[in-house]
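Please study the structure shown below together with its sequence. The paragraphs that follow lead through it step by step.

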Amino acid sequence: MNLLGVQTLFVKEVRRFLRVPGQTLLSPLITTSLYFLVFGWSLGSRIQEVDGVPYARFILPGLIVLGVVTNAYLNSASSLFVMKLQGTVVDLLVSPLSYAEILGAFVAAAVARGMLVGGIMWIVGALFTGFGVAHPVLALLLLVAVAAGFAALGFMTATWAGSFEQVNFLPTFVVTPLTFLGGVFYSASMAPPALRWLTRSNPIYYLVETLRWSVTGRADAPPEAGFAVATVLAAGALLAAYGLLRSGWRLRG
Amino acid sequence: MPGPVVRLRGVSKRYGGFTALDRVDLDVDQGEILALLGPNGAGKTTLISIVAGLVRASAGEASVLGRDVVRDYRFTRRAVGLVPQEVNFDPFFSVEETLHFQAGYFGVRLGADRLEEILQALELTEKRHANTRSLSGGMKRRLLIGKALVHEPRVLFLDEPTAGVDVRLRQQLWAYVRRLRARGTTVVLTTHYLEEAEALADRVAVIDRGRILLVEGKDRLLERQGGKTLRISLTAPIASLPGALLALGARLEDGGGAIDVDAPPGGSFGPALAALAEAGLPVGDVETRRARLEDVFVSILGGDAGKEAQ
(Lines give C-alpha, C1' and ligand atoms only; values in the text may rest on other atoms or scores of the structure.)
Protein backbone atom coordinates (compact mmCIF):
# COMPACT_ATOMS: atom_id res chain seq x y z
CA MET A 1 0.00 0.00 0.00
CA ASN A 2 1.16 3.54 -0.83
CA LEU A 3 0.57 4.98 2.65
CA LEU A 4 2.50 8.19 2.10
CA GLY A 5 0.56 8.72 -1.13
CA VAL A 6 -2.80 8.35 0.61
CA GLN A 7 -1.70 10.58 3.48
CA THR A 8 -0.46 13.22 1.02
CA LEU A 9 -3.70 13.26 -0.96
CA PHE A 10 -5.73 13.43 2.25
CA VAL A 11 -3.64 16.32 3.63
CA LYS A 12 -3.83 18.13 0.30
CA GLU A 13 -7.62 17.79 0.20
CA VAL A 14 -8.02 18.98 3.79
CA ARG A 15 -5.69 21.93 3.21
CA ARG A 16 -7.69 22.80 0.11
CA PHE A 17 -10.91 23.32 2.02
CA LEU A 18 -9.13 25.03 4.91
CA ARG A 19 -7.65 27.54 2.41
CA VAL A 20 -11.14 28.87 1.74
CA PRO A 21 -12.75 28.72 5.20
CA GLY A 22 -15.30 31.42 4.39
CA GLN A 23 -16.74 29.24 1.65
CA THR A 24 -16.27 25.82 3.19
CA LEU A 25 -16.79 26.32 6.93
CA LEU A 26 -18.23 29.75 7.66
CA SER A 27 -20.90 29.80 4.95
CA PRO A 28 -22.67 26.57 6.00
CA LEU A 29 -22.27 27.59 9.62
CA ILE A 30 -23.99 30.93 9.05
CA THR A 31 -26.75 29.44 6.87
CA THR A 32 -27.65 26.69 9.30
CA SER A 33 -27.27 29.00 12.29
CA LEU A 34 -29.84 31.28 10.65
CA TYR A 35 -32.20 28.33 10.20
CA PHE A 36 -31.64 27.49 13.81
CA LEU A 37 -32.22 31.03 15.03
CA VAL A 38 -35.33 31.63 12.89
CA PHE A 39 -37.03 28.23 13.21
CA GLY A 40 -35.65 27.06 16.51
CA TRP A 41 -35.45 30.13 18.63
CA SER A 42 -38.17 32.51 17.41
CA LEU A 43 -40.67 29.88 16.25
CA GLY A 44 -39.67 27.46 18.98
CA SER A 45 -40.99 29.81 21.65
CA ARG A 46 -44.48 29.22 20.24
CA ILE A 47 -44.18 25.50 19.41
CA GLN A 48 -42.64 24.59 22.77
CA GLU A 49 -42.18 20.81 22.47
CA VAL A 50 -42.36 18.09 19.77
CA ASP A 51 -42.54 14.48 20.97
CA GLY A 52 -41.56 15.76 24.39
CA VAL A 53 -38.40 17.50 23.10
CA PRO A 54 -37.96 21.31 23.12
CA TYR A 55 -38.39 22.54 19.52
CA ALA A 56 -34.91 24.10 19.24
CA ARG A 57 -33.37 20.80 20.35
CA PHE A 58 -35.76 18.91 18.07
CA ILE A 59 -34.55 20.61 14.87
CA LEU A 60 -30.81 20.51 15.66
CA PRO A 61 -30.16 16.90 14.44
CA GLY A 62 -31.84 17.52 11.09
CA LEU A 63 -29.80 20.66 10.50
CA ILE A 64 -26.62 18.77 11.37
CA VAL A 65 -27.53 16.01 8.89
CA LEU A 66 -28.09 18.66 6.21
CA GLY A 67 -24.75 20.33 6.99
CA VAL A 68 -22.76 17.09 7.10
CA VAL A 69 -24.32 15.64 3.95
CA THR A 70 -23.98 18.82 1.87
CA ASN A 71 -20.40 19.52 2.89
CA ALA A 72 -19.16 15.96 2.47
CA TYR A 73 -20.77 15.84 -0.96
CA LEU A 74 -19.49 19.23 -2.09
CA ASN A 75 -15.94 18.61 -0.90
CA SER A 76 -15.27 15.59 -3.06
CA ALA A 77 -17.46 16.83 -5.92
CA SER A 78 -15.95 20.30 -6.23
CA SER A 79 -12.39 19.15 -5.63
CA LEU A 80 -12.44 16.40 -8.25
CA PHE A 81 -14.35 18.58 -10.69
CA VAL A 82 -11.80 21.41 -10.36
CA MET A 83 -9.00 18.87 -10.82
CA LYS A 84 -10.68 17.72 -14.03
CA LEU A 85 -11.18 21.29 -15.17
CA GLN A 86 -7.60 22.37 -14.37
CA GLY A 87 -6.10 19.16 -15.71
CA THR A 88 -4.39 18.34 -12.40
CA VAL A 89 -6.26 15.04 -12.20
CA VAL A 90 -3.45 13.83 -14.49
CA ASP A 91 -1.09 14.14 -11.50
CA LEU A 92 -3.09 11.47 -9.69
CA LEU A 93 -3.71 9.24 -12.66
CA VAL A 94 0.01 8.89 -13.47
CA SER A 95 0.89 8.24 -9.83
CA PRO A 96 1.21 4.77 -8.29
CA LEU A 97 -1.89 5.36 -6.13
CA SER A 98 -4.46 2.59 -6.53
CA TYR A 99 -8.12 3.35 -7.22
CA ALA A 100 -9.07 2.43 -3.66
CA GLU A 101 -6.34 4.71 -2.29
CA ILE A 102 -7.46 7.69 -4.40
CA LEU A 103 -11.12 7.17 -3.46
CA GLY A 104 -10.26 6.53 0.19
CA ALA A 105 -8.28 9.76 0.54
CA PHE A 106 -10.98 11.83 -1.20
CA VAL A 107 -13.73 10.33 0.95
CA ALA A 108 -11.73 10.69 4.19
CA ALA A 109 -11.09 14.38 3.51
CA ALA A 110 -14.74 14.96 2.62
CA VAL A 111 -15.83 13.18 5.82
CA ALA A 112 -13.41 15.40 7.75
CA ARG A 113 -15.03 18.53 6.31
CA GLY A 114 -18.55 17.20 6.89
CA MET A 115 -17.76 16.30 10.51
CA LEU A 116 -16.02 19.63 11.10
CA VAL A 117 -19.06 21.54 9.83
CA GLY A 118 -21.42 19.23 11.73
CA GLY A 119 -19.33 19.65 14.89
CA ILE A 120 -19.33 23.44 14.67
CA MET A 121 -23.10 23.42 14.09
CA TRP A 122 -23.63 21.15 17.06
CA ILE A 123 -21.57 23.44 19.32
CA VAL A 124 -23.56 26.51 18.18
CA GLY A 125 -26.87 24.64 18.60
CA ALA A 126 -25.86 23.20 21.94
CA LEU A 127 -25.19 26.70 23.27
CA PHE A 128 -28.95 27.22 22.96
CA THR A 129 -30.23 23.74 23.74
CA GLY A 130 -27.67 22.12 26.03
CA PHE A 131 -24.71 19.86 25.37
CA GLY A 132 -26.25 16.55 26.40
CA VAL A 133 -26.08 13.72 23.84
CA ALA A 134 -27.90 10.47 24.55
CA HIS A 135 -25.77 8.17 22.35
CA PRO A 136 -22.63 10.08 21.27
CA VAL A 137 -20.71 7.14 19.76
CA LEU A 138 -23.69 6.01 17.69
CA ALA A 139 -24.29 9.60 16.57
CA LEU A 140 -20.68 9.83 15.38
CA LEU A 141 -20.82 6.45 13.61
CA LEU A 142 -24.03 7.40 11.85
CA LEU A 143 -22.67 10.74 10.66
CA VAL A 144 -19.37 9.25 9.46
CA ALA A 145 -21.25 6.62 7.44
CA VAL A 146 -23.63 9.20 5.98
CA ALA A 147 -20.76 11.59 5.18
CA ALA A 148 -18.79 8.78 3.49
CA GLY A 149 -21.82 7.82 1.40
CA PHE A 150 -22.43 11.37 0.21
CA ALA A 151 -18.70 11.96 -0.36
CA ALA A 152 -18.75 8.95 -2.71
CA LEU A 153 -21.85 10.34 -4.43
CA GLY A 154 -20.01 13.64 -4.87
CA PHE A 155 -17.02 11.83 -6.33
CA MET A 156 -19.24 10.06 -8.87
CA THR A 157 -21.07 13.26 -9.78
CA ALA A 158 -17.76 15.07 -10.41
CA THR A 159 -16.57 12.19 -12.59
CA TRP A 160 -19.69 12.54 -14.71
CA ALA A 161 -20.18 16.31 -14.58
CA GLY A 162 -19.24 18.63 -17.41
CA SER A 163 -20.19 21.85 -15.61
CA PHE A 164 -20.53 23.32 -12.12
CA GLU A 165 -24.28 23.37 -12.66
CA GLN A 166 -24.25 19.58 -12.88
CA VAL A 167 -22.07 19.37 -9.74
CA ASN A 168 -24.64 21.46 -7.86
CA PHE A 169 -27.62 19.50 -9.16
CA LEU A 170 -27.74 16.89 -6.39
CA PRO A 171 -27.49 19.19 -3.33
CA THR A 172 -29.87 21.77 -4.80
CA PHE A 173 -32.53 19.56 -6.34
CA VAL A 174 -32.27 16.35 -4.33
CA VAL A 175 -30.54 16.64 -0.94
CA THR A 176 -32.01 19.93 0.31
CA PRO A 177 -35.65 19.11 -0.66
CA LEU A 178 -35.35 15.58 0.72
CA THR A 179 -33.87 16.87 3.98
CA PHE A 180 -36.50 19.56 4.41
CA LEU A 181 -39.20 16.97 3.67
CA GLY A 182 -37.39 14.49 5.89
CA GLY A 183 -38.74 15.75 9.18
CA VAL A 184 -36.08 18.32 10.04
CA PHE A 185 -38.66 20.83 11.23
CA TYR A 186 -41.61 18.55 11.99
CA SER A 187 -42.50 15.13 13.31
CA ALA A 188 -43.97 12.78 10.68
CA SER A 189 -46.57 11.51 13.15
CA MET A 190 -47.88 15.09 13.56
CA ALA A 191 -48.00 15.74 9.79
CA PRO A 192 -51.12 15.45 7.56
CA PRO A 193 -51.49 11.93 6.05
CA ALA A 194 -50.10 12.81 2.59
CA LEU A 195 -47.02 14.52 4.02
CA ARG A 196 -46.63 11.74 6.56
CA TRP A 197 -46.57 9.15 3.76
CA LEU A 198 -44.13 11.30 1.73
CA THR A 199 -41.88 11.77 4.73
CA ARG A 200 -41.79 8.09 5.63
CA SER A 201 -40.93 7.20 2.01
CA ASN A 202 -37.88 9.43 2.19
CA PRO A 203 -34.60 7.73 3.21
CA ILE A 204 -33.20 10.98 4.62
CA TYR A 205 -36.05 10.97 7.15
CA TYR A 206 -34.61 7.84 8.76
CA LEU A 207 -31.16 9.42 8.98
CA VAL A 208 -32.62 12.52 10.64
CA GLU A 209 -34.72 10.47 13.04
CA THR A 210 -31.84 8.20 14.02
CA LEU A 211 -29.57 11.17 14.70
CA ARG A 212 -32.43 12.74 16.66
CA TRP A 213 -32.66 9.54 18.72
CA SER A 214 -28.86 9.53 19.20
CA VAL A 215 -28.91 13.15 20.44
CA THR A 216 -32.22 13.39 22.34
CA GLY A 217 -33.00 9.75 23.07
CA ARG A 218 -36.42 10.10 21.37
CA ALA A 219 -37.48 9.64 17.75
CA ASP A 220 -40.47 9.03 15.50
CA ALA A 221 -38.87 6.06 13.70
CA PRO A 222 -36.90 3.03 14.92
CA PRO A 223 -33.18 3.98 15.13
CA GLU A 224 -32.19 0.74 13.41
CA ALA A 225 -33.82 2.02 10.22
CA GLY A 226 -31.45 5.01 10.07
CA PHE A 227 -28.40 2.84 10.65
CA ALA A 228 -29.58 0.47 7.91
CA VAL A 229 -30.09 3.37 5.47
CA ALA A 230 -26.66 4.81 6.35
CA THR A 231 -24.93 1.44 5.95
CA VAL A 232 -26.59 0.67 2.61
CA LEU A 233 -25.94 4.22 1.37
CA ALA A 234 -22.27 4.22 2.39
CA ALA A 235 -21.52 0.71 1.12
CA GLY A 236 -23.47 1.16 -2.10
CA ALA A 237 -22.06 4.57 -2.96
CA LEU A 238 -18.47 3.60 -2.11
CA LEU A 239 -18.67 0.43 -4.20
CA ALA A 240 -20.28 2.27 -7.10
CA ALA A 241 -17.67 5.08 -6.94
CA TYR A 242 -14.86 2.50 -6.84
CA GLY A 243 -16.32 0.71 -9.85
CA LEU A 244 -16.69 3.97 -11.75
CA LEU A 245 -13.12 5.05 -11.00
CA ARG A 246 -11.82 1.63 -11.95
CA SER A 247 -13.71 1.72 -15.25
CA GLY A 248 -11.79 4.87 -16.19
CA TRP A 249 -14.98 6.49 -17.48
CA ARG A 250 -14.38 10.18 -18.23
CA LEU A 251 -11.03 10.08 -16.45
CA ARG A 252 -8.75 7.65 -18.27
CA GLY A 253 -8.75 7.42 -22.04
CA MET B 1 23.18 -5.98 -22.62
CA PRO B 2 20.14 -4.84 -20.62
CA GLY B 3 16.75 -4.88 -22.39
CA PRO B 4 14.94 -1.76 -23.48
CA VAL B 5 13.64 0.59 -20.80
CA VAL B 6 10.32 0.96 -22.59
CA ARG B 7 8.91 -1.70 -24.89
CA LEU B 8 5.70 -1.63 -26.89
CA ARG B 9 4.50 -4.65 -28.81
CA GLY B 10 1.47 -4.53 -31.07
CA VAL B 11 -0.03 -1.64 -29.12
CA SER B 12 -3.27 -0.32 -30.60
CA LYS B 13 -5.72 2.24 -29.35
CA ARG B 14 -9.14 2.70 -30.85
CA TYR B 15 -11.75 5.31 -29.97
CA GLY B 16 -14.93 3.93 -31.51
CA GLY B 17 -14.19 3.71 -35.22
CA PHE B 18 -11.06 5.88 -35.02
CA THR B 19 -7.69 4.17 -34.69
CA ALA B 20 -5.30 6.43 -32.79
CA LEU B 21 -2.52 3.81 -32.62
CA ASP B 22 -2.18 0.87 -34.94
CA ARG B 23 -0.09 -2.12 -33.80
CA VAL B 24 2.87 -0.08 -32.65
CA ASP B 25 6.18 -1.79 -31.86
CA LEU B 26 8.80 0.42 -30.26
CA ASP B 27 11.82 -0.02 -27.99
CA VAL B 28 13.40 2.83 -26.06
CA ASP B 29 16.93 2.14 -24.88
CA GLN B 30 18.51 2.96 -21.53
CA GLY B 31 19.91 6.46 -21.31
CA GLU B 32 18.92 7.67 -24.76
CA ILE B 33 16.86 10.63 -25.87
CA LEU B 34 14.26 9.45 -28.35
CA ALA B 35 12.33 12.09 -30.29
CA LEU B 36 8.86 11.06 -31.31
CA LEU B 37 7.96 13.12 -34.34
CA GLY B 38 4.71 13.35 -36.19
CA PRO B 39 2.04 15.77 -37.31
CA ASN B 40 -0.93 16.75 -35.12
CA GLY B 41 -3.13 13.77 -34.37
CA ALA B 42 -0.43 11.27 -35.37
CA GLY B 43 -0.72 9.37 -32.06
CA LYS B 44 2.33 10.72 -30.19
CA THR B 45 0.46 11.77 -27.06
CA THR B 46 -1.66 8.60 -27.07
CA LEU B 47 1.49 6.50 -27.21
CA ILE B 48 3.21 8.12 -24.25
CA SER B 49 -0.07 8.31 -22.33
CA ILE B 50 -0.39 4.53 -22.57
CA VAL B 51 3.07 4.03 -21.06
CA ALA B 52 2.43 6.63 -18.34
CA GLY B 53 -0.92 5.05 -17.40
CA LEU B 54 -3.21 7.85 -18.56
CA VAL B 55 -4.72 5.86 -21.41
CA ARG B 56 -5.49 2.16 -21.68
CA ALA B 57 -4.40 0.33 -24.80
CA SER B 58 -7.12 -1.49 -26.77
CA ALA B 59 -4.62 -4.24 -27.70
CA GLY B 60 -0.96 -5.13 -27.31
CA GLU B 61 1.49 -4.85 -24.44
CA ALA B 62 3.46 -1.95 -23.04
CA SER B 63 6.19 -2.44 -20.46
CA VAL B 64 8.68 -0.33 -18.53
CA LEU B 65 11.88 -1.98 -17.30
CA GLY B 66 10.36 -5.33 -18.23
CA ARG B 67 7.18 -4.86 -16.15
CA ASP B 68 3.71 -4.54 -17.64
CA VAL B 69 2.24 -1.02 -17.28
CA VAL B 70 -1.19 -2.37 -16.30
CA ARG B 71 -0.38 -5.41 -14.12
CA ASP B 72 2.64 -3.78 -12.41
CA TYR B 73 1.38 -0.20 -12.51
CA ARG B 74 2.84 0.73 -9.11
CA PHE B 75 6.33 -0.24 -10.26
CA THR B 76 6.12 1.23 -13.76
CA ARG B 77 4.57 4.53 -12.68
CA ARG B 78 7.33 5.03 -10.11
CA ALA B 79 9.79 4.61 -12.98
CA VAL B 80 8.04 7.08 -15.27
CA GLY B 81 7.71 10.87 -15.17
CA LEU B 82 5.29 12.61 -17.50
CA VAL B 83 5.27 16.24 -18.54
CA PRO B 84 1.85 16.58 -20.16
CA GLN B 85 1.20 18.78 -23.15
CA GLU B 86 -1.53 20.81 -21.46
CA VAL B 87 -0.36 23.18 -18.74
CA ASN B 88 -2.09 22.46 -15.44
CA PHE B 89 -1.85 24.01 -12.00
CA ASP B 90 -3.68 23.84 -8.70
CA PRO B 91 -4.75 27.37 -7.77
CA PHE B 92 -4.92 26.53 -4.07
CA PHE B 93 -1.21 25.85 -3.57
CA SER B 94 2.28 27.29 -3.89
CA VAL B 95 5.09 25.99 -6.09
CA GLU B 96 6.78 24.26 -3.16
CA GLU B 97 3.57 22.67 -1.88
CA THR B 98 2.78 21.43 -5.38
CA LEU B 99 6.15 19.70 -5.65
CA HIS B 100 5.83 18.17 -2.16
CA PHE B 101 2.35 16.83 -2.94
CA GLN B 102 3.44 15.35 -6.26
CA ALA B 103 6.38 13.58 -4.59
CA GLY B 104 4.05 12.30 -1.87
CA TYR B 105 1.69 10.70 -4.41
CA PHE B 106 4.69 8.67 -5.55
CA GLY B 107 5.46 7.63 -1.98
CA VAL B 108 8.54 9.87 -1.84
CA ARG B 109 9.41 12.47 0.79
CA LEU B 110 10.95 15.36 -1.14
CA GLY B 111 14.23 16.22 0.57
CA ALA B 112 15.42 19.81 0.92
CA ASP B 113 18.42 19.21 -1.39
CA ARG B 114 16.35 17.62 -4.12
CA LEU B 115 13.75 20.38 -3.88
CA GLU B 116 16.47 23.02 -4.12
CA GLU B 117 18.03 21.30 -7.12
CA ILE B 118 14.74 21.17 -9.01
CA LEU B 119 13.82 24.76 -8.17
CA GLN B 120 17.24 26.00 -9.27
CA ALA B 121 17.37 23.94 -12.45
CA LEU B 122 13.98 25.24 -13.50
CA GLU B 123 14.61 28.80 -12.25
CA LEU B 124 11.70 28.70 -9.84
CA THR B 125 13.60 29.36 -6.60
CA GLU B 126 12.30 32.92 -6.28
CA LYS B 127 8.74 31.71 -6.85
CA ARG B 128 8.88 28.81 -4.42
CA HIS B 129 6.28 30.35 -2.09
CA ALA B 130 4.18 31.94 -4.85
CA ASN B 131 0.72 30.59 -5.60
CA THR B 132 0.85 28.63 -8.85
CA ARG B 133 -1.97 30.79 -10.20
CA SER B 134 0.38 33.79 -10.22
CA LEU B 135 3.05 32.11 -12.38
CA SER B 136 3.62 33.08 -16.00
CA GLY B 137 2.89 30.53 -18.73
CA GLY B 138 6.57 29.61 -19.03
CA MET B 139 6.90 29.17 -15.26
CA LYS B 140 3.83 26.93 -15.14
CA ARG B 141 5.38 24.78 -17.85
CA ARG B 142 8.64 24.57 -15.90
CA LEU B 143 6.69 23.58 -12.82
CA LEU B 144 5.19 20.71 -14.83
CA ILE B 145 8.72 19.50 -15.55
CA GLY B 146 9.59 19.81 -11.86
CA LYS B 147 6.52 17.75 -10.91
CA ALA B 148 7.55 15.03 -13.34
CA LEU B 149 11.02 14.87 -11.80
CA VAL B 150 10.28 14.86 -8.06
CA HIS B 151 10.36 11.07 -7.77
CA GLU B 152 13.56 10.76 -9.86
CA PRO B 153 12.03 8.71 -12.68
CA ARG B 154 14.15 6.39 -14.82
CA VAL B 155 12.20 7.46 -17.90
CA LEU B 156 10.96 10.97 -18.54
CA PHE B 157 8.24 11.62 -21.13
CA LEU B 158 8.17 15.18 -22.37
CA ASP B 159 5.07 15.94 -24.41
CA GLU B 160 5.81 19.18 -26.28
CA PRO B 161 7.83 20.53 -23.33
CA THR B 162 8.88 23.85 -24.81
CA ALA B 163 5.68 24.94 -26.54
CA GLY B 164 5.23 28.62 -25.74
CA VAL B 165 8.60 28.88 -23.98
CA ASP B 166 10.98 31.65 -25.02
CA VAL B 167 14.26 30.94 -26.79
CA ARG B 168 16.52 31.53 -23.78
CA LEU B 169 14.52 29.23 -21.54
CA ARG B 170 14.27 26.64 -24.28
CA GLN B 171 18.06 26.50 -24.44
CA GLN B 172 18.21 26.10 -20.64
CA LEU B 173 15.67 23.31 -20.69
CA TRP B 174 17.59 21.55 -23.42
CA ALA B 175 20.74 21.81 -21.32
CA TYR B 176 18.84 20.37 -18.34
CA VAL B 177 17.49 17.48 -20.43
CA ARG B 178 21.05 16.71 -21.55
CA ARG B 179 22.17 16.74 -17.91
CA LEU B 180 19.38 14.30 -17.03
CA ARG B 181 20.46 12.03 -19.85
CA ALA B 182 24.07 12.26 -18.68
CA ARG B 183 22.86 11.00 -15.28
CA GLY B 184 21.25 8.00 -16.93
CA THR B 185 17.65 9.18 -17.32
CA THR B 186 16.00 7.96 -20.48
CA VAL B 187 14.03 10.70 -22.23
CA VAL B 188 11.21 10.37 -24.73
CA LEU B 189 10.35 13.67 -26.32
CA THR B 190 7.47 14.62 -28.56
CA THR B 191 7.89 17.93 -30.24
CA HIS B 192 6.68 20.07 -33.07
CA TYR B 193 10.02 21.86 -33.10
CA LEU B 194 12.19 19.71 -35.33
CA GLU B 195 15.07 21.92 -34.28
CA GLU B 196 14.49 20.61 -30.76
CA ALA B 197 14.67 16.99 -31.87
CA GLU B 198 17.74 17.74 -33.94
CA ALA B 199 19.47 19.41 -31.00
CA LEU B 200 18.61 16.76 -28.40
CA ALA B 201 17.73 13.38 -29.85
CA ASP B 202 19.94 10.34 -30.18
CA ARG B 203 17.24 8.52 -32.12
CA VAL B 204 14.13 9.61 -33.98
CA ALA B 205 10.84 7.78 -34.35
CA VAL B 206 8.43 9.11 -36.96
CA ILE B 207 4.76 8.39 -36.37
CA ASP B 208 1.82 9.21 -38.60
CA ARG B 209 -1.83 8.14 -38.45
CA GLY B 210 -1.05 5.84 -35.54
CA ARG B 211 1.73 3.92 -37.24
CA ILE B 212 5.46 4.09 -36.64
CA LEU B 213 7.01 4.80 -40.01
CA LEU B 214 10.64 4.79 -39.01
CA VAL B 215 12.94 4.49 -35.99
CA GLU B 216 16.55 5.34 -36.56
CA GLY B 217 19.60 7.05 -35.06
CA LYS B 218 19.35 10.75 -35.82
CA ASP B 219 22.84 11.06 -37.30
CA ARG B 220 22.44 7.93 -39.38
CA LEU B 221 19.05 9.11 -40.58
CA LEU B 222 20.45 12.44 -41.69
CA GLU B 223 23.37 10.65 -43.28
CA ARG B 224 21.16 8.17 -45.09
CA GLN B 225 18.20 10.30 -46.05
CA GLY B 226 19.64 13.77 -45.99
CA GLY B 227 21.44 14.82 -49.14
CA LYS B 228 23.54 17.95 -49.65
CA THR B 229 23.13 20.93 -51.93
CA LEU B 230 26.02 22.89 -53.44
CA ARG B 231 25.33 26.54 -54.31
CA ILE B 232 27.72 28.33 -56.65
CA SER B 233 27.22 32.09 -56.73
CA LEU B 234 28.45 33.69 -59.96
CA THR B 235 29.98 37.15 -60.28
CA ALA B 236 28.00 37.67 -63.50
CA PRO B 237 24.75 35.98 -64.48
CA ILE B 238 24.68 33.39 -67.26
CA ALA B 239 21.85 32.55 -69.68
CA SER B 240 22.20 28.76 -69.76
CA LEU B 241 24.06 25.94 -68.06
CA PRO B 242 26.93 24.10 -69.70
CA GLY B 243 25.94 20.57 -70.81
CA ALA B 244 28.24 18.83 -68.31
CA LEU B 245 26.53 20.55 -65.36
CA LEU B 246 23.06 19.95 -66.82
CA ALA B 247 23.91 16.26 -67.04
CA LEU B 248 24.63 16.30 -63.27
CA GLY B 249 21.14 17.75 -62.56
CA ALA B 250 22.29 21.33 -61.85
CA ARG B 251 19.75 24.16 -61.83
CA LEU B 252 20.07 27.83 -62.58
CA GLU B 253 18.77 30.03 -59.77
CA ASP B 254 18.53 33.76 -58.94
CA GLY B 255 17.98 34.78 -62.56
CA GLY B 256 21.15 33.04 -63.69
CA GLY B 257 23.26 34.42 -60.84
CA ALA B 258 23.60 31.09 -59.02
CA ILE B 259 23.79 27.37 -59.72
CA ASP B 260 22.44 24.67 -57.37
CA VAL B 261 23.61 21.06 -57.56
CA ASP B 262 22.20 18.30 -55.31
CA ALA B 263 24.27 15.37 -54.12
CA PRO B 264 22.56 12.19 -52.89
CA PRO B 265 23.33 10.86 -49.36
CA GLY B 266 26.93 9.76 -49.37
CA GLY B 267 27.56 11.39 -52.76
CA SER B 268 30.23 14.02 -53.47
CA PHE B 269 30.42 17.26 -55.42
CA GLY B 270 33.69 16.29 -57.15
CA PRO B 271 32.19 15.85 -60.66
CA ALA B 272 30.19 19.10 -60.35
CA LEU B 273 33.25 21.08 -59.25
CA ALA B 274 35.28 19.56 -62.11
CA ALA B 275 32.57 20.48 -64.64
CA LEU B 276 32.46 23.98 -63.17
CA ALA B 277 36.23 24.43 -63.57
CA GLU B 278 36.05 22.98 -67.10
CA ALA B 279 33.34 25.47 -68.10
CA GLY B 280 35.38 28.40 -66.73
CA LEU B 281 32.36 30.14 -65.22
CA PRO B 282 32.92 33.34 -63.14
CA VAL B 283 32.63 31.85 -59.60
CA GLY B 284 32.10 34.33 -56.75
CA ASP B 285 31.36 32.01 -53.84
CA VAL B 286 30.67 28.34 -53.07
CA GLU B 287 28.64 26.97 -50.15
CA THR B 288 27.10 23.63 -49.22
CA ARG B 289 23.91 23.04 -47.22
CA ARG B 290 23.27 19.74 -45.48
CA ALA B 291 19.65 18.57 -45.25
CA ARG B 292 18.11 19.11 -41.83
CA LEU B 293 15.80 16.85 -39.88
CA GLU B 294 12.89 18.95 -41.07
CA ASP B 295 13.63 18.08 -44.71
CA VAL B 296 13.96 14.38 -43.83
CA PHE B 297 10.73 14.46 -41.82
CA VAL B 298 8.80 16.10 -44.65
CA SER B 299 10.26 13.65 -47.13
CA ILE B 300 9.30 10.63 -44.98
CA LEU B 301 5.76 11.85 -44.37
CA GLY B 302 5.44 12.87 -48.04
CA GLY B 303 6.55 9.40 -49.12
CA ASP B 304 4.06 7.77 -46.80
CA ALA B 305 1.27 10.01 -48.01
CA GLY B 306 2.26 9.15 -51.58
CA LYS B 307 2.03 5.42 -50.83
CA GLU B 308 -1.39 5.92 -49.23
CA ALA B 309 -2.58 7.81 -52.29
CA GLN B 310 -1.59 5.02 -54.67
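Helix α4 of chain A, residues 55-86, has 32 residues; at 1.5 Å a residue it should span 46 Å, and its end C-alpha atoms are 46 Å apart, which agrees. The expected span is 1.5 Å times one less than the number of residues. Helices here are DSSP runs of H or I with at least four residues, strands are runs of E with at least two, and both are numbered from the N terminus. This is a predicted model, in which local features need pLDDT of at least 70, side-chain atom pairs count only at pLDDT 80 or more, and totals for chains, interfaces and linings use all residues. Residues are numbered from 1 along each chain as its sequence is written, while chains are lettered from A and ligands numbered from 1 in the order in which they are written.

Of the 32 residues of α4(A), 28 are buried, so this helix is largely enclosed by the rest of the structure. A residue is buried if 20 or more other C-beta atoms, placed from the backbone, lie within 10 Å of its own, exposed if 12 or fewer do, and partly exposed in between. Just after α4(A) comes A:G87, with a positive phi of about 90°.

A:G130 follows α6(A) and has a positive phi, near 100°.

Two packed helices are described by the angle between their axes and the distance between the axes. Axes are lines fitted to C-alpha atoms, for helices over the stretch in contact, and the angles run from 0 to 180 degrees between N-to-C directions. The axes of α4(A) and α6(A) are 8 Å apart, and the two helices pack at an angle of about 155°. That makes α4(A) roughly antiparallel to α6(A); angles over 145 degrees count as roughly antiparallel, under 35 as roughly parallel, 65 to 115 as roughly perpendicular and the rest as oblique. By class, their contact has 17 nonpolar, eight polar and two charged residues. Ala, Val, Leu, Ile, Met, Phe, Trp, Tyr, Cys and Pro count as nonpolar, Asp, Glu, Lys and Arg as charged, and the others, Gly among them, as polar.

Helix α6 (residues 99-129) of chain A also comes within 10 Å of helix α11 (residues 223-247) of chain A, axis to axis, and the axes cross at roughly 130°. That makes α6(A) oblique to α11(A). Where they meet, A:Y99, A:A100, A:I102 and A:L103 of α6(A) face A:A241, A:Y242, A:L245 and A:R246 of α11(A) in contact, that is, with C-beta atoms, placed from the backbone, within 7 Å. This contact has seven nonpolar, no polar and one charged residues.

Chain A also touches chain B: 22 residues of chain A are in contact with 25 residues of chain B. Helices α1 (3-19) and α5 (89-93) of chain A each supply at least two residues of this side of chain A. The largest share, seven residues, comes from α1(A). By class, this side of chain A has eight nonpolar, nine polar and five charged residues.

Chain B itself has eleven helices and 14 strands. Of its 310 residues, 40% count as buried.

Definitions and conventions: Two residues are in contact if their C-beta atoms, placed from the backbone, lie within 7 Å.
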